[in-house]
Amino acid sequence: MTAPRLLRSGRVLVGAALILLVALCALFAPLLARHDPGDQDLLSILLPPAWEHGGDAAFPLGTDSLGRDELARLLFGARLALIVAITAACGAALLGAVLAHIAGYFGGFVDWLIGRAVEVWMSFPPVILSLILMVGLGTGADKVVLAIVLVDWTRFCRVLRAEVLVTTRRDYVAAARLAGFTHLQTLTREILPATLPLLITLLSLEMGIAVIVEAVLSFVGLGVSADQAAWGQMIADARTSFAQAPWTLLVPMAAIFLTVTGFNLLGDGLRRTLDVRLGAARSA
Amino acid sequence: MIRRVSFSLAPGRILGVVGESGAGKSMIGRAIAQALPAGFAITGGTLHLGGEDLVHLTPARRRALLVRDIAFVPQEPMTALNPAMTIGAQFSEHLKRLGIASRRKRRERALQLLDEVHLPDGAALLRRYPHQLSGGMCQRVLIALAFAGRPRLVVADEPTTALDVTIQARIVQLIAELQRHEGTSVLFITHDLRLASRICDEIIVLYAGRAVERGPAASLLATPAHPYTRCLQLAAPAMTGSRRTLFALPDRMPGLAALADMRGCRFAPRCPVAEADCRTVDPPDRTTGQSRIVACLHSDNTAGIEPPNHAIVPPANAGDTLLRLDHAGKRFRIGGRPFRRSSAMWAVRDTTFEIGAGEFVGLVGESGSGKSTLARLVMGLERASTGRIVLGGRDITRASPADARHRLHWAQMVFQDPQSALNPRRLIGDIVTQVLQAGRRPVDRAQRMERGCELLAEVGLGGEMLDRYPAQLSGGQRQRVNIARALCAVPRLLVADEIVSGLDVSVQAQLLALLQRLRAERGIALLFISHDLSVVRHLCSRVLVMHHGAIVEQGPTEDVFASSRHPYTRRLLAAVPPDDPVTEWQPFPDEVELAATPAADPPRAAAAAPSR
Amino acid sequence: MTTILLLLGRRVLMAVPILLTVSILLFVALRLLPVDPAAMSMPPNATIEDVEAKRREMGLDKPLPVQYAIWLRDALHGDFGRSIQLRRDAAHLVTTALPATLQLALGAMLIASALGLGGGLLLFHVRGRPAEALGDLGTTVLLSVPEFLWALLFILLFGVLLPVLPFIGQLGPQFSVASVTGFLLLDTLLAGQPDAFVSALTHLALPATALGIAFSPAIMRVLRSSLLDVYQEDYIRQARLRGIGEWRILVMHALPNAILPTLTLMGVQFGFLFGGTLLVEVIYSYPGLGNLMVDAVRNADLPIIQTVGLTYCIVVLLIGMAVDALVLILNPRLRGA
């Protein structure tokens with residue numbers, strides 16, 4: 001019923017197209033890149049993009065200060081970004097949504113406990129909490145995912161709990177109980193369908209946030225190991241050379257911006273089409 | 001949408017505009033203020049106030065008129081005052097625009113106005129915020145603001161719909177009192193024909209945007225000339241005399257979209273005395289005796305409309321005890337969170353009553369009196385704090401899962417708000433057969449749809465509804481679905497919480513007829529919760545009166561209504577305008593309303609919509 | 001007034017268990033670390049026995065709850081341990097770095113509020129016109145640019161392309177200002193060095209703007225949608241029916257009500273914003289908590305990580321309380337209950 005409406009939303013289309021583009025780049029990275037992202041060519045360092053004066057067609061987007069191909073690093077970085085974004089967002093959504101439904105539906109002490117946990121979590125700025133977690137967990141893509149899940153489940157929990165609470169107060173939920181539905185049946189058949197649009201919207205926005213967090217952690221040097229291509233890593237590397245070679249900075253920045261915009265447009269479009277209440281849920 | 005509505009209102013008179021929802025009565029008020037909702041416009045005709053054209057006004061002149069000459073009393077008093085400003089600040093703002101420059105004078109005038117609307121302790125009130133006031137007090141403040149500039153015209157749009165019955169009566173009288181005192185003209189918009197006839201000099205009846213009848217209030221109610229007016233009158237249950245069957249108009253008023261290609265009289269498709277030409281000829285306004293104007297080709301037929309003449313089946317004597325409450329009570333903790341001190345309030349206290357098989361019992365009281373909590377106790381949606389609840393021979397006080405399985409086939413509930421009671425994402429067919437889907441062994445879909453069809457037929461809906469969503473149904477249809485769902489488990493008792501309160505009289509009459517049929521055919525018992533005494537009188541053989549969580553009086557309906565022993569019951573009864581327009585109507589004085597501290601609502605009730 | 005103080009007092013009391021829980025979480029999270037603080041604080045040629053002795057001395061052989069109790073006792077006496085790397089008192093390091101971060105955060109909040117509230121009003125003003133769709137799209141795109149991208153972009157724009165503003169540190173190298181309050185903008189004025197004040201201000205301009213601009217679109221959206229909601233309310237229609245002009249309705253009737261949800265959101269946003277200072281500080285080599293934290297993290301300097309982490313939490317809780325107090329003062333509903 002909603003599928004045709006979704007396709008008529010410009011935001012959903014543009015957002016999905018951007019993400020599809022990034023996904024294709026990530027998927028076919030080994031075919032599209034002419035160099036290995038780790039290959040250092042010390043004879044051709046800080047080459048400008050191919051179309052600029054002094055550019056080399058072998059390095060379409062130029063090279064960094066170690067002579068690594070920017071395009072290759074960008075494409076392989078997209079792999080990492082998308083994998084982290086999707087798994088981390090799904091993990092955070094699962095954890096947050098389960099807790100939100102339990103808290104909002106059963107209320108009472110469970111609700112109180114989960115509410116306090118969210119409050120404690122919210123008193124940590126997300127960046128700080130993820131840094132501390134990374135110190136404890138060590139580097140690696142899986143650790144980045146785990147850190148994002150452990151930090152960002154509260155975003156889902158907070159917003160969804162309010163929605164669950166509103167839905168639980170509806171008379172149709174009481175009617176389902178009177179008809180003999182078990183708690184699980186009531187949750188899955190009466191409440192989840194009402195909260196699902198919001199959950200999907202938040203999921204899309206969270207993927208954008210996860211891309212940013214992954215970049216930030218790699219930038220600080222706590223994400224993946226230094227030899228793995230990551231957009232944050234590229235930015236960190238470019239900090240020594242951006243005065244002579246601004247493209248080394250601009251290329252990964254543009255990649256992050258386009259991917260995050262894609263997820264945000266998709267999320268925003270979904271929110272409008274699925275018509276769910278949503279305050280400003282945002283920010284890394 | 002509104003067509004051919006003409007009226008003139010003499011200074012110092014009250015004109016009532018009466019119609020069911022969708023008749024376009026609110027549009028008239030909005031047109032006067034030039035504040036029509038988007039997509040509506042005045043496309044023809046004229047609108048004058050004392051010789052000044054209201055349709056073609058400059059914005060500045062319009063605002064000037066609104067400050068001084070035209071005032072409005074709103075429908076929802078609780079939300080019509082700015083929550084961030086004190087009452088004093090709102091008076092001051094308005095009085096300043098009326099040209100009172102000195103702060104001291106504004107205060108004096110505000111106090112005087114509050115006194116005129118019988119609000120005591122005005123000085124303290126001026127420092128209060130709207131949320132600290134009850135609905136009735138807010139409406140008094142708004143009336144005081146409306147009359148502050150001694151306007152020439154006051155438009156009151158359903159000013160009492162959102163208020164409790166006892167307060168409603170006083171607000172209506174207050175408007176009439178101020179109107180007499182100031183010599184203002186009042187346009188009184190309402191859905192209640194009986195109420196309008198009490199305070200208005202003249203009444204216009206609207207149907208689907210068309211004025212169908214207009215005339216002096218008393219004679220209009222005594223001898224309706226238009227079939228629709230007559231039907232409205234016959235659809236409302238009476239407070240006195242023998243119980244008669246209600247006249248249930250079939251179908252419902254055509255919507256905006258249907259109006260465009262309708263020919264002839266808009267009422268013709270539902271009219272019991274329509275003739276062939278009614279469907280082709282748009283009836284002109286005709287004047288019939290006593291300055292009455294009727295838009296009907298065959299108004300002589302109107303007097304021939306009689307209620308279905310089969311006398312109402314007298315409520316059968318109750319059979320064996322079905323439900324018994326023994327000193328049942330429910331206490332809520334307010335602000336109850338772990339590790340925090342909390343206060344408690346009794347939403348229901350020490351309640352004892354019985355319902356026999358096949359018996360219809362009414363439960364009346366104002367909002368916040370604990371009626372809904374009592375229903376939820378019976379249904380196990382809340383657990384009793386004290387006492388015992390026995391249903392069908394089993395003690396279900398503890399509300400255990402086994403109790404719930406037992407209750408399933410003994411009692412079911414019909415909820416107040418059909419909007420909230422039907423999951424908007426599920427098909428009607430799935431909703432009504434919910435009981436068959438529950439548990440470990442759900443029945444397969446084909447069988448459920450078969451049962452769904454039977455159930456819908458039983459409540460008078462067609463099988464084609466099975467594949468629709470609740471949003472595609474009208475309010476009355478949704479309430480029927482609501483009843484059908486409750487019937488699926490074949491219960492012996494229905495608990496119905498204000499199920500007709502939001503509906504128009506003609507739809508209400510249809511539903512009441514349905515409930516009576518269910519009793520006759522299935523011997524079902526009913527606990528009928530309502531604030532409307534006339535409906536309870538019509539339907540129920542016994543009545544329970546609830547006040548501040550306790551049942552203050554109970555007994556056979558006729559006895560309680562004829563000779564009530566508790567003052568609260570008498571107050572409730574006095575608030576209903578008498579059937580006969582000539583009888584004196586003397587509701588209780590203000591002191592009772594203002595002295596009554598508003599009961600603290602239980603947590604759930606506070607979140608739910610206020611009952612009308 | 002007394003009710004406000006009472007409610008605020010309760011809010012402060014509520015913060016205590018939160019802080020305790022936060023400190024326990026921090027403590028446990030950092031003990032999971034595969035690093036041995038004892039070994040790290042010893043010279044490389046220390047023997048295993050020496051390290052063991054050091055472990056005992058540092059109390060690391062005791063069970064975790066006991067270790068925590070010792071830490072808590074010391075912390076309540078103002079002793080947060082010593083930096084393993086810098087060999088300085090952790091409390092001292094934090095109090096020196098905190099004012100710079102607070103100054104940056106306050107500047108950013110000011111910019112975020114100005115841009116957010118102004119933008120929100122503008123978005124509300126163009127409602128129902130073609131510009132509305134543009135504004136909507138604009139905020140979506142703005143929301144996709146996190147603070148660290150703004151920070152990098154500003155360096156490219158105003159540091160490299162149009163070199164008009166400094167982007168390293170918080171003061172020109174030619175100045176030296178005595179630290180009195182720790183807040184550089186105040187100290188330069190107190191020391192009577194207007195040139196240094198200007199230098200400090202220009203150094204603050206890029207980081208504060210980068211941070212502020214990143215958090216403004218969320219505020220814009222909430223103010224706009226709150227205003228749209230408020231304009232649906234009966235009291236606005238009733239005010240119009242009383243002949244009150246549109247301007248007065250906006251200022252006197254709509255804004256006081258619409259600002260409440262906006263403020264509540266700003267409280268949450270400013271908490272995030274305070275965390276955002278970390279990245280901006282790292283990018284602009286701004287000597288605040290963020291650089292302290294990142295250095296500590298890279299060197300696994302546990303006492304510093306713990307103390308700085310706790311400091312961030314305390315400031316976020318304080319921001320929350322300040323906003324709550326403001327909402328309480330402005331909202332008669334909460335007060336009069």
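Author: Chain B has 24 helices and 20 strands, where helices (H or I, at least four residues) and strands (E, at least two) are DSSP runs numbered from the N terminus. This is a predicted model, in which local features need pLDDT of at least 70, side-chain atom pairs count only at pLDDT 80 or more, and totals for chains, interfaces and linings use all residues. Residues are numbered from 1 along each chain as its sequence is written, while chains are lettered from A and ligands numbered from 1 in the order in which they are written.

Reader: How much of chain B is buried?
Author: Buried residues are 48% of the 612 in chain B. A residue is buried if 20 or more other C-beta atoms lie within 10 Å of its own, exposed if 12 or fewer, and partly exposed in between, with C-beta atoms placed from the backbone.

Reader: Which residues touch the most other members of the largest nonpolar core?
Author: Phe188(B), Ala235(B), Leu527(B), Phe528(B) and Ala151(C), in a core of 359 residues. Such a core is a set of buried Ala, Val, Leu, Ile, Met, Phe, Trp, Tyr and Cys residues joined through C-beta atoms within 7 Å.

Reader: What is Ala235(B) in contact with?
Author: Beyond its neighbours within four places in sequence, Ala235(B) has contacts that include Leu246(B), Val505(B) and Ala509(B). Contact means C-beta atoms, placed from the backbone, within 7 Å.

Reader: Switching to chain C. How many residues go into its contact with chain A?
Author: Chain C gives 46 residues and chain A gives 38. On the chain C side, helix 11 supplies the largest share, 10 residues. That side has 36 nonpolar, 8 polar and 2 charged residues. Ala, Val, Leu, Ile, Met, Phe, Trp, Tyr, Cys and Pro count as nonpolar, Asp, Glu, Lys and Arg as charged, and the others, Gly among them, as polar.

Reader: And with chain B, how many?
Author: There it is 15 residues from chain C and 20 from chain B. Helix 10 of chain C brings the largest share of the chain C side, 5 residues. By class, that side has 4 nonpolar, 6 polar and 5 charged residues.

Note on methods. Two residues are in contact if their C-beta atoms, placed from the backbone, lie within 7 Å.
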